[in-house]
Each structure stands twice: as structure tokens, then as C-alpha cells.
Amino acid sequence: MAAQLDSTRDFGLIAFKRDMICLIRACKTAAEERAVIAKECALLRDAFKEDHQDYRHRNVAKLMFIHMLGFPTHFGQMECIKLIAAVSFPEKRIGYLGLMLLLDERQEVLLLVTNSLKNDINNSNQFITGLALCALGNICTAEMARDLASDVEHLLQSNNAYIRKKAALCAVRIVRKVPDLIESFIDPAIRLLGDKHHGVLISGVKLCIELCQASDVALEQFRKVSTNTEGNKNAGHAILYECVQTIMAIEAIGGLRVLAINILGRFLAFPDNNIRYVALNTLVKVVSIDTQAVQRHRATIVECVKDSDISIRRRALDLVYNLVNENNVKVLTKELVEYLKVSDPEFKLDLTAKIAALVQKFSPSQRWYFDQMILLMVQAGQFVAEGVTRFLVIVISNASELQGYVVRTLYRSFQDWRGQESLAQVTVWCIGEYGDLLVNHSNELQGEDPQTITESDAVDVVETILKDVQVTPITQAFALTALLKLSSRFPQCTERIKALLSGYKRSHILELQQRSNEFESIITRHSSISASLLERMPPLDVDGSSSAMEADAGVYTNHTNLQQPSEALSPKNMNSSAQAEEFTVNLLDVLSFQPIENPLSPPVSAGDALLNLLGSSLTSPSNVTMFPGFLHLTKPPMIKTWATLQCQFNQNLLVYFLQLWHCKQMASR
């Protein structure tokens with residue numbers, strides 16, 4: 001009968017509330033909504049005055065809906081207290097919900113509900129007890145906490161898991177309001193950590209964190225818990241992990257922090273991937289706080305880099321990267337390079353980038369840096385980034401005492417070349433610049449293996465790279481530039497070098513075709529100035545690495561970026577007209593240009609019309625001359641569009657050689 005009555009009340013509550021909600025939703029303007037709300041509030045006031053007990057829970061439910069719309073509802077606060085004092089569960093449920101929604105801890109009327117809360121906390125119905133604990137945990141004041149703390153503490157030892165969970169959450173609020181009551185909750189909280197119910201365990205951990213943050217006494221107690229907790233089950237792991245989080249959150253002293261890191265170190269030994277990932281993720285966050293404590297678990301962390309799970313490998317690699325310093329860089333780099341040999345291809349890119357960054361940042365000496373970078377290119381050359389090879393070339397150009405050692409080491413490593421792009425680029429660049437040091441055994445270091453290398457052997461390396469079908473045009477451009485420089489260092493191999501260059505005169509790649517033609521022209525027609533033109537590059541600047549590499553090899557950007565000569569090198573800044581004329585003739589002679597007095601204009605044809613459509617004309621000074629009144633093409637080209645491209649390239653290359661020649665002249669003075 002009571003159940004039927006409760007269900008009837010619930011249905012009536014829903015029906016009446018639904019009517020009000022429909023009226024409010026049917027309003028088209030805010031004014032209409034305010035009018036409906038004002039009418040409903042007037043009806044509710046009349047109902048509260050008449051004291052209809054059967055409809056009180058329905059009226060309070062309406063009041064809560066009006067409160068959620070943002071309208072004042074203070075006139076119904078006493079009705080919530082009357083519902084809490086009722087006997088039936090549905091009325092108490094609405095009353096406690098209204099109490100938590102319509103009132104807060106600043107309301108003096110809360111003092112009237114303390115006695116009802118005390119009675120409901122000790123009620124035999126677990127759901128009524130849960131309502132009282134939930135309300136106390138949300139709006140508890142300091143006075144209510146002192147009055148009801150003993151009852152909540154008693155419920156923490158209840159046989160009902162539902163009540164223990166609610167009591168633990170309520171105790172969190174009590175501890176925040178009255179820190180003096182902390183000691184009375186320490187022992188019950190410790191017992192909660194051994195509970196088998198997951199809800200009770202989570203609530204107990206929350207209570208423990210609150211106690212540790214508020215009291216040093218509680219912190220010392222839970223330190224014993226973390227050392228005695230058995231971690232063979234997930235519940236034990238959860239307790240230990242929350243202990244670690246608590247220690248880290250309160251910025252504990254060094255001893256407790258070491259204890260927390262040791263717990264995480266034990267997690268790494270478990271076979272469960274989830275536990276190990278959580279441990280690695282936490283260690284990455286704390287390694288900057290206490291690196292020395294994390295270093296004790298370095299061997300275990302390195303083993304995690306070799307795990308089959310990709311997520312664990314990545315987190316472990318991030319942690320190893322943060323652990324490296326000047327003292328352990330050699331050991332950790334060796335272990336990472338060894339693993340690089342057998343790692344998965346999808347993981348090698350990240351691993352190679354990390355190793356390169358570590359070697360560059362913490363290398364104890366330049367020789368060790370060169371050895372490790374060459375080893376890295378041998379093991380995973382196709383995964384080495386372009387920026388890494390560029391920086392390596394810069395360091396080599398600045399290490400004058402080790403240039404011979406580097407080029408010989410690269411030559412030995414190249415004997416087992418398997419198509420590593422970065423190794424090929426660095427090798428041909430070094431052979432082109434320091435080929436004479438390779439052949440003459442200059443600057444040999446103590447302990448270096450002696451080897452006999454001829455000029456032909458050095459050219460063989462460049463030829464191997466040049467003719468490999470798998471290398472990119474960028475690497476082939478490196479090789480062509482290296483051949484040009486070797487022509488001045490190895491005169492006996494000049495004919496062979498010319499033959500190799502001529503093989504690319506008809507290449508379908510415009511960049512290689514242009515290099516081949518221009519480089520062969522320098523070797524064949526201008527051998528008198530090639531020695532000074534192709535001297536060794538000066539040390540490259542780290543800040544200007546991009547421009548230096550462009551000026552030397554033109555690999556990273558095209559020559560079209562070098563379109564205007566510097567003002568210092570322009571003919572107008574020459575001391576005299578004779579000097580300017582001599583300077584210009586020498587430069588024109590490099591590219592087979594001749595100044596003529598009366599250049600003939602090419603006949604107008606369909607090709608000229610096409611060039612005009614494209615915004616260019618062979619008859620315009622910008623396309624025919626580089627220095628107005630100075631430079632003209634000797635022969636009209638047969639194909640007009642090709643002539644435009646060739647003229648533009650010749651201008652760029654002229655500027656390139658002009659800058660190099662000027663640098664050599666200034667250095668000789």
C-alpha cells in the first residue's frame with residue numbers, strides 16, 4: 001500500500017511539473033516567461049501558506065526548476081526542511097535535493113536541519129543514511145562538522161559498503177572545514193585502503209590525499225602504508241599510485257620523493273603494459289624535479305625502450321632523453337645505437353632524431369661527436385634529417401685539425417654503403433673539400449688505422465654515388481660539385497671527371513644539366529683560374545648555415561635565390577674604368593661571354609610573341625644584359641624559351657662565381 005502511494009505521488013509530481021514546464025517552454029518572449037514564473041511563484045506561496053502536506057514535495061520540485069531558471073526561490077527554503085523531517089523516503093529525497101540546491105553554508109536556517117541530519121545518519125534505511133551523508137558532504141558548515149563528526153567516523157566502520165563510501169566522501173568535507181578533526185580520521189582512512197569494494201577504495205584514497213595535504217602527521221602515517229602495501233593486485237597498484245600522486249602534489253621532502261620514485265621503478269618491472277605506461281608517464285613529469293633518484297632506474301628504463309609496445313617505447317625514449325647528461329651520454333648513446341640496429345622502421349625516425357640531438361648537445365669532444373654521427377648515418381642514414389647533416393657539415397668545416405680524420409673515417413664507412421642518403425651527401429661533400437687530405441694522409445691522429453688511398457679511389461666514391469639509381473637529385477648535385485672541386489685537387493683525374501660530368505649534359509633534370517655544362521666549361525676553358533676559384537670553403541657560420549650551404553653546393557635552394565650581386569662587387573664601385581673593364585672581361589670569360597659593340601636584335605618571330613605573353617622579351621635589357629651597357633649574349637639562341645631560362649641561370653651562376661672570386665681576392669690580400 002505504501003509502495004502504491006509512493007508511486008502515485010511520483011506520478012502526480014511528474015504530471016504537475018510537466019504542465020508547468022510546457023507552459024514555460026511555450027513562451028515566445030522573455031516577458032511571457034517572467035509572467036508565467038511570477039504566476040507559478042504566487043501559486044506556490046499560497047500553497048506553502050495553506051500547508052498542504054500531500055503536495056509539498058511537488059511544490060518544492062517546481063521551486064527547484066524555477067531556481068535553475070535563475071529566479072529567486074528563497075521563500076521556499078523552510079519547505080525543504082519540513083520535507084527532510086518527513087518519514088517517507090520520496091519526500092526526504094526531494095527535501096535533501098532542495099536543501100543542497102536552494103541553500104548554501106551561509107544560510108542561518110541550516111542550524112535547524114542539524115538534528116534531522118543526525119537522526120537520518122543513524123537511520124536503519126541505508127538510502128536515507130546516504131541522503132543525509134550526501135547533503136552533509138555538500139553544505140556542511142564548521143558547526144555542523146563538529147556536531148556530526150563522531151557519527152560520520154562511526155559510519156566509516158560500517159558493514160555496508162554503500163554507507164562506507166558515502167561516509168568517506170563526507171569526511172573529506174569535514175576535514176576541510178575543521179582541520180582539528182584530522183587525527184580522528186587517520187586510522188579509519190588507513191583501514192579503508194584495505195577494502196575490497198572499488199567504490200570504497202576510491203573514496204578512501206580521496207580521503208587519504210586530503211589528510212596528507214593538511215597534516216604532516218597523516219603524511220608520516222601514509223608513508224608507512226606505501227612501503228607495506230602489497231602491489232600484486234590492481235587494488236594495491238591503485239593505492240601505491242595514489243600515494244605517489246599525493247607525494248608529488250604536496251611537494252614533499254626529498255626522502256618521500258625518492259620513495260615515490262622507487263615505487264614507480266617497481267612498476268616498471270611488472271609485465272602489465274598499463275602499469276608500466278603509467279609509471280613512465282609519471283617519471284617523465286618528475287625527472288626534472290629529482291633527476292638523481294630517477295637515474296637509479298636507468299637500466300630498467302632503457303629496457304623499456306626495447307619493448308614491443310610502441311606507446312611504451314615512445315614514453316621510455318622521452319624519459320631517456322631527459323636523463324642524459326655529460327656524465328652518461330656515452331653509455332646511453334651506445335645502448336640506443338645498438339638498439340637502433342634492430343628497431344622497427346616506424347620507430348627509427350624518432351629514435352634517430354633523439355640520438356642526434358643527444359650527441360649534438362652533450363658530446364664531450366669533437367672527435368667523439370664525429371664518430372657517433374658517422375655511426376648513426378651508417379646504421380640509419382635514410383632516417384637522418386636534413387638539418388642534422390647540415391649542422392654536421394658546419395662542424396666539420398670549423399674543425400680544421402680533424403678534417404683529415406673525418407674524411408678518412410667517412411671513406412672507410414662508405415665501403416659498406418647501402419644507399420644511406422645522408423652518409424652519401426656528407427661523404428661527397430667532404431671528399432670534394434678535403435680530398436687532398438684523404439690522399440696525403442694529412443693530420444693523422446694517434447691510434448688511427450693506416451690506409452693507402454689513391455686519387456682514383458676518391459673519385460670512385462663520387463662516381464658510385466653519382467651512378468646509383470636510388471639516390472636523389474640533391475645527392476647527385478652534391479656529387480657533381482665534388483667532381484668540380486676534385487678537378488683542381490687531382491689534375492691526373494681531370495679527363496675522367498670531365499667524362500663523368502658530360503654524362504649529365506642531357507639530363508632531364510634541369511639543375512643537373514646546368515651544373516654539368518657550366519662545370520665542364522670551367523674545367524675545359526678556364527683552368528688558369530679554376531685553382532683559385534675552387535679553393536677550400538672557409539669555415540661556415542652556424543647562424544648563417546643555410547646561406548653558406550646555398551653558396552657552396554646550391555642544394556637546399558635553387559640558384560634563383562642569388563639574383564643580384566652585392567654592391568661591393570658591382571662595377572660602379574671599382575676604382576677606375578680600366579680596373580672595372582679588366583674585372584668584367586675576366587668574369588665574362590668564365591662563361592664564354594664576349595662584349596660586343598653593336599649587338600644585333602633577333603628577328604621577331606612566333607617565339608617572341610610567346611615570350612611577350614609570358615611577360616618576357618629577348619629584346620628587353622633585363623633579359624639580354626646583366627649589367628646595362630656591359631654584357632650581351634654572343635649568339636642568338638635557337639629556342640627562345642630555353643634561352644630565357646639559360647640566361648637567367650647564367651646570371652645567377654655569374655653572381656655565384658663573382659662572389660667566390662671576390663672572397664678569394666680579398667683573402668689573398
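## Close-up views of a predicted all-chain model

**View 1. Asp307 and the residues around it.** Not counting residues up to four places away in sequence, Asp307 touches Asn273, Arg276, Ile312 and Arg313; contact here means heavy atoms within 4.5 Å. Asp307 sits in the loop between α17 (298-305) and α18 (310-323). Helices (H or I, at least four residues) and strands (E, at least two) are DSSP runs, numbered from the N terminus. With a relative accessibility of 12%, Asp307 counts as buried. Buried means under 20% relative accessible area, exposed means over 50%, and partly exposed lies in between (1.4 Å probe, protein chains only). This is a predicted model, in which local features need pLDDT of at least 70 and side-chain atom pairs count only at pLDDT 80 or more, while totals for chains, interfaces and linings use all residues. Residues are numbered from 1 along each chain as its sequence is written, and side-chain values use heavy atoms, with hydrogens and water left out.

**View 2. The protein chain as background to the close-ups.** The protein chain has 34 helices and 0 strands. Of its 669 residues, 50% are buried. Among contacts between residues at least 6 apart in sequence, 69% join residues at least 24 apart. The chain exposes about 33400 Å², of which carbon and sulfur atoms supply 52%; accessible areas come from the Shrake-Rupley method with a 1.4 Å probe, and for residues only the protein chains shown count as cover.

**View 3. The largest nonpolar core and a second one.** A nonpolar core is a set of buried Ala, Val, Leu, Ile, Met, Phe, Trp, Tyr and Cys residues joined through side-chain atoms within 4.5 Å. The largest has 113 residues, and Leu319, Phe370, Ile396, Cys430 and Leu483 touch the most other members. Helix α24 (residues 421-440) gives the most to this core, namely 11 residues. A second, separate core of 69 residues includes Met64, Ile66, Cys80 and Ala161. Back in the largest core, Leu483 is one of the residues that touch the most other members. Apart from neighbours within four places in sequence, Leu483 is in contact with Val459, Val462, Leu466, Ile497, Leu500 and Leu501.

View 4. How many disulfides does the structure hold? The count is 0, where a disulfide is a pair of cysteine sulfur atoms within 2.5 Å.

**View 5. The salt bridge between Asp151 and Lys118.** A salt bridge is a side-chain nitrogen of Lys or Arg within 4 Å of a carboxyl oxygen of Asp or Glu. The whole structure contains 24 salt bridges. In the one between Asp151 and Lys118, the closest N and O atoms are 2.8 Å apart. Asp151 lies in helix α8 (residues 142-155) and Lys118 in helix α6 (residues 114-121), so the pair ties together parts that are 33 residues apart in sequence. Is Asp151 buried or exposed? Asp151 is buried, at 11% relative accessibility, whereas Lys118 is partly exposed, at 34%.

**View 6. The salt bridge between Asp290 and Arg257.** The side chains of these two residues, Asp290 and Arg257, form a salt bridge with an N to O distance of 3.7 Å. Asp290 is in the loop between α15 (273-286) and α16 (291-295) and Arg257 is in helix α14 (residues 254-267), a link between distant parts of the chain, 33 residues apart. Asp290 counts as buried, at 14% relative accessibility.

View 7. Glu495 and Lys498 meet through their side chains in a salt bridge (3.8 Å, N to O). Because they are 3 residues apart in helix α27 (residues 494-502), Glu495 and Lys498 are separated by about one helical turn. Glu495 counts as exposed, at 57% relative accessibility. A network of salt bridges links Asp460, Glu463, Lys467 and Arg496.

View 8. Thr475 lies in helix α26 (residues 473-489) and is buried at 0% relative accessibility. Leaving aside neighbours within four places in sequence, Thr475 is in contact with Glu421, Ala424, Gln425 and Ile465. Thr475 and Ile465 are 10 residues apart in sequence, and their C-alpha atoms are 7.9 Å apart in space. Ser413 belongs to helix α23 (residues 403-414) and is buried, with a relative accessible area of 17%. Beyond its neighbours within four places in sequence, Ser413 is in contact with Ile374, Val378 and Leu423.
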